[in-house]
Amino acid sequence: MALTLYVDTARWRAHHKHVQEQFPGLVPVCKGNGYGFGHERLAEEATRLGSDVLAVGTTYEAARIKDWFGGDLLVLTPYRRGEEPVPLPDRVIRSVSSIDGVYGLVGARVVIEVMSSMKRHGIGEQDLPQLHAAIENIRLEGFAIHLPLDRTDGSDAVEEVIGWMDRLRAARLPLHTMFVSHLKAEELIRLQQQFPQTRFRARIGTRLWLGDHEATEYRGAVLDVTRVAKGERFGYRQQKAASDGFLVVVAGGTSHGVGLEAPKALHGVMPRAKGVARAGLATVNRNLSPFVWGGKQRWFAEPPHMQVSILFVPADAPEPKVGEELVAHLRHTTTQFDRIVDR
């Protein structure tokens, strides 16, 4: 009995091809938990797409994935002097976001990140005069810019990239390749038309692997079902059942990422109101689970255990049977499945 990720493989791969057609020369991103699919699987899918470069998050990920992908590996986390050395092949490309980082990678293949309105990391305009000397002893693969997802100020992503292209060109730095993130297909076309001598390569993860929500589905198997009466005690903390119903033990617990949620940015009155309501219910031990039964998301009977969750299903709902599976609305980037099934 397992928490299973089901994949409509034909549909999933058709989506990959569609994105690839929209973004010629795209660089697939495989980082973290492999967007819920695992590094090995995404390395295989990137190879199937014919990708010559695969982006990973860290040097440790590059070391794990190098035997699964035969092309170049672009490490997205910037190099810092003093970091733990990780043995990597020459086909690994390092990102840098400082002049000191460039000087620390003599002889290496390097992509230089510029500071965007994200303000996360990157070289600034004031650093450009020093880059001429710094890049003499590296193999420059190009520049990169990582853009924000939302632009609440109404600014234009293309104009931000153009601004940096103009600064780099004015500093007489090589502009053969620019790696970009979080641009729309039409925005990439605008840039390519304006700078035909530069190859723009979109680094894409979420849109590529998770863009078709109907292509994948998590399901947890029912392991046990126990009938309880109102007032009857149960569980680790011996709480009382609020009404008659069923305690349903389903595969999927904290080790899978069930019950763990990344913070979300809330925009607007209604999402904030819902967030306040959820927080209020949590204070009285009412937490909605990601599992669906009888057309409704069901409540946790108590906090999820390590490998299973216990749900409360009221008596007026159909009784789940051992071996049946419950759909689970889980976030791919925080979920670890027991098995993956292609269908």
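**Figure 1. Lys-119 lies in the loop between β6 (109–114) and α5 (128–134).** The model shown here is predicted. Lys-119 has a positive phi of about 55 degrees, although it is not a glycine. Most residues other than glycine have a negative phi. Is Lys-119 buried or exposed? Lys-119 counts as exposed because its relative accessibility is 66%, and the cut-off for exposed is over 50%.

**Figure 2. Tyr-35 sits in the loop between β2 and α2.** Tyr-35 is not a glycine either, yet its phi is positive, about 55 degrees. Its relative accessible area is 6%, so Tyr-35 is buried. The cut-off for buried is under 20%.

**Figure 3. Helix α2 spans residues 39–48 and has several buried residues.** Which residues of α2 are buried? They are His-39, Arg-41, Leu-42, Ala-43, Glu-45 and Ala-46. An α-helix has 3.6 residues a turn, so residues three or four places apart point the same way. The buried residues of α2 pack against helices α1, α3 (59–65) and α8. They also pack against strands β2 (27–28), β3 (53–56) and β18 (339–342). After α2 comes Gly-50. The phi of Gly-50 is positive, near 80 degrees.

**Figure 4. Trp-12 and Trp-209 form a tilted aromatic pair.** A pair of aromatic rings is described by the distance of the centres and the angle of the planes. The count of aromatic pairs comes to three. Together with Phe-37, they form one aromatic cluster.

**Figure 5. The charged end of Arg-167 sits over the ring of Trp-164.** How far is this charged end from the centre of the ring? It lies 4.9 Å from the ring centre of Trp-164.

**Figure 6. Ala-229 is placed in the loop between β10 (216–228) and β11 (233–234).** Ala-229 is partly exposed because its relative accessible area is 35%. Asp-316 is 87 residues from Ala-229 along the chain. The C-alpha atoms of Ala-229 and Asp-316 are separated by 13 Å.

Figure 7. The C-alpha atoms fill a box of roughly 75 × 45 × 40 Å, taken along the principal axes. The chain has 343 residues, and 48% of them count as buried. Take the contacts between residues at least 6 apart in sequence: 66% of these join residues at least 24 apart. The accessible surface of the chain comes to about 17,400 Å². Carbon and sulfur atoms account for 52% of that surface. The chain has 43 positive and 40 negative charges. How far apart are the mean positions of the positive and negative charges? The two mean positions are 3 Å apart.

Notes
Residues are numbered from 1 along each chain as its sequence is written. This is a predicted model: local features need pLDDT of at least 70, side-chain atom pairs count only at pLDDT 80 or more; totals for chains, interfaces and linings use all residues. Side-chain values use heavy atoms; hydrogens and water are left out. Rings of Phe, Tyr and Trp (its six-membered ring) pair if their centres lie within 6.5 Å; planes under 30 degrees apart count as stacked, over 60 as edge-to-face and the rest as tilted. A charge sits over a ring if NZ of Lys or CZ of Arg is within 6 Å of the ring centre and within 35 degrees of the ring normal. Buried means under 20% relative accessible area, exposed over 50%, partly exposed in between (1.4 Å probe, protein chains only). Contact means heavy atoms within 4.5 Å. Accessible areas come from the Shrake-Rupley method with a 1.4 Å probe; for residues, only the protein chains shown count as cover. Lys and Arg count as positive and Asp and Glu as negative; His and the chain ends are not counted. The place of a charge is taken as NZ of Lys, CZ of Arg, CG of Asp or CD of Glu. Helices (H or I, at least four residues) and strands (E, at least two) are DSSP runs, numbered from the N terminus.
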